Amino acid sequence: LDEPLTAIDILASEEIKEMLMELRKGRILILSTHIIQLAKDICDDIVLLNNGKLRHFETALNCESFDQSLLEALRGDADVD
């Protein structure tokens, strides 16, 4: 899915998020979004594509420093895997 909540009102957005949470059970969903909170709410793993390089945030979703790690990666302050 590419930006599934772009240009969607709040009520429809919540319904789509609930549907995605149900659909992901027993499946792999691939979602691209610039809305980090959506990724954190729905995804088990996050991969950042920045300047043609990938960085995998496998365990960072439950980490308090996730947002800081993400910002550092976007700024180029952190090593990219």
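L48 finds its bridge partner in β2, namely R55. The model behind this is predicted, so to speak with limits: local features need pLDDT of at least 70, side-chain atom pairs count only at pLDDT 80 or more, and totals for chains, interfaces and linings use all residues. Residues are numbered from 1 along each chain as its sequence is written, and side-chain values use heavy atoms, with hydrogens and water left out.

Strand β1 (residues 47-50) and β2 run antiparallel, joined by four bridges; strands are DSSP runs of E with at least two residues, numbered from the N terminus, and two of them pair if DSSP finds at least two bridges between them. The hairpin they make has two residues between the strands, and N51 there takes a positive phi near 55°. H56 sits in β2 (residues 53-56). Because its relative accessibility is 35%, H56 counts as partly exposed, a class lying between buried (under 20% relative accessible area) and exposed (over 50%), with a 1.4 Å probe and protein chains only. Eleven residues away along the chain is D45, with 7.4 Å separating the C-alpha atoms of D45 and H56.

D45 also turns up at the largest pocket, where L29, L31, C43, D45 and I46 lie nearest the centre among 22 lining residues. Elements giving two or more residues to this lining are α2 (36-42), β1 and α3 (66-75); helices are DSSP runs of H or I with at least four residues. A pocket here is an open set of points on a 1 Å grid over the protein atoms alone, where a 1.4 Å probe fits, with protein on both sides within 12 Å along at least five of seven lines; lining residues have an atom within 4 Å of a point.
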